[in-house]
Amino acid sequence: MPHSEPPTEADPGRWTVTVDGAVATPLSVPATDLAAGASMRSSTACEGETEPRRRWRGVRVGTVLDRADPTPDATHGLVHTTDPEYACGFDLERLYEALLATHLDGDPIPRERGGPVRLLVADADCWERVKWVTRIDVLEGPPGDADTARDRVPADD
Ligand SMILES: Nc1nc2c(c(=O)[nH]1)N[C@H]1C(S)=C(S)[C@@H](COP(=O)(O)O)O[C@H]1N2
Ligand SMILES: [Mo]
């Protein structure tokens, strides 16, 4: 499968998620501060696969976005990863309800499953479950070609 290589360095103690772009207060949240609050049951099956849903835990993205205070014209968020070729765009309302997860079934998310920080979204396409999240760039319009996640995934993946 044409998936990103995991980062070589994935220590939760040294990982941060940055929120910047169209926000009043750009910020960087240590991954260790995300392990609280919300949870979501989700499978990570790719199209055509079946895989049981498992319990992901972390914080609601909206909690972090509110702290950054998006501008009144903000409409989208582009979620970046350690893979410079992989970024996934979302409507801001949908991103608010997503989860920045640090735990899978009670344990820190293994690196190959997207740890230390993975995005889980309700009713997601498989490529929207973004592994190794490093940054959310808040945008005042659709990300266009900057959204590369879907393109990285061939139809049969
Ligand atoms: N950063 C990043 N996240 C990613 C991908 C990727 O290549 N890079 N691939 C996506 C796709 S297409 C799938 S099917 C799932 C695979 O997740 P899994 O290894 O937990 O099953 O990760 C998604 N998240
Ligand atoms: Mo996928």
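A residue is taken as near a molecule when one of its heavy atoms lies within 4 Å of it. The model is predicted: local features need pLDDT of at least 70, side-chain atom pairs count only at pLDDT 80 or more, and totals for chains, interfaces and linings use all residues. Residues are numbered from 1 along each chain as its sequence is written, chains are lettered from A and ligands numbered from 1 in the order in which they are written, and side-chain values use heavy atoms, without hydrogens and water.

Around ligand 1 stand 16 residues, of which Ser4, Arg113, Arg118, Arg129 and Lys131 come nearest. The side chain of Ser4 places an N or O atom 2.6 Å from a ligand nitrogen. A polar backbone atom of Arg129 lies 2.9 Å from a nitrogen atom of ligand 1. An N or O atom in the Lys131 side chain is 2.7 Å from a ligand oxygen.

The search of the whole structure gives 6 salt bridges (a side-chain nitrogen of Lys or Arg within 4 Å of a carboxyl oxygen of Asp or Glu). One of them joins Asp20 and Arg135 at 2.9 Å, N to O. This pair links distant parts of the chain, with Asp20 in strand β1 (residues 16-21) and Arg135 in strand β10 (residues 133-139), 115 residues apart. Strands are DSSP runs (E, at least two residues), numbered from the N terminus. Arg54 and Asp105 also meet, at 2.8 Å, N to O. Arg54 lies in strand β4 (residues 54-60) and Asp105 in the loop between β7 (99-104) and β8 (107-108), so the pair ties together parts 51 residues apart in sequence.

Terms used:
A polar contact is a pair of N or O atoms within 3.5 Å; within protein, one must be able to donate a hydrogen and the other to accept it, and residues adjacent in sequence count only if both atoms are side-chain atoms. Helices (H or I, at least four residues) and strands (E, at least two) are DSSP runs, numbered from the N terminus.
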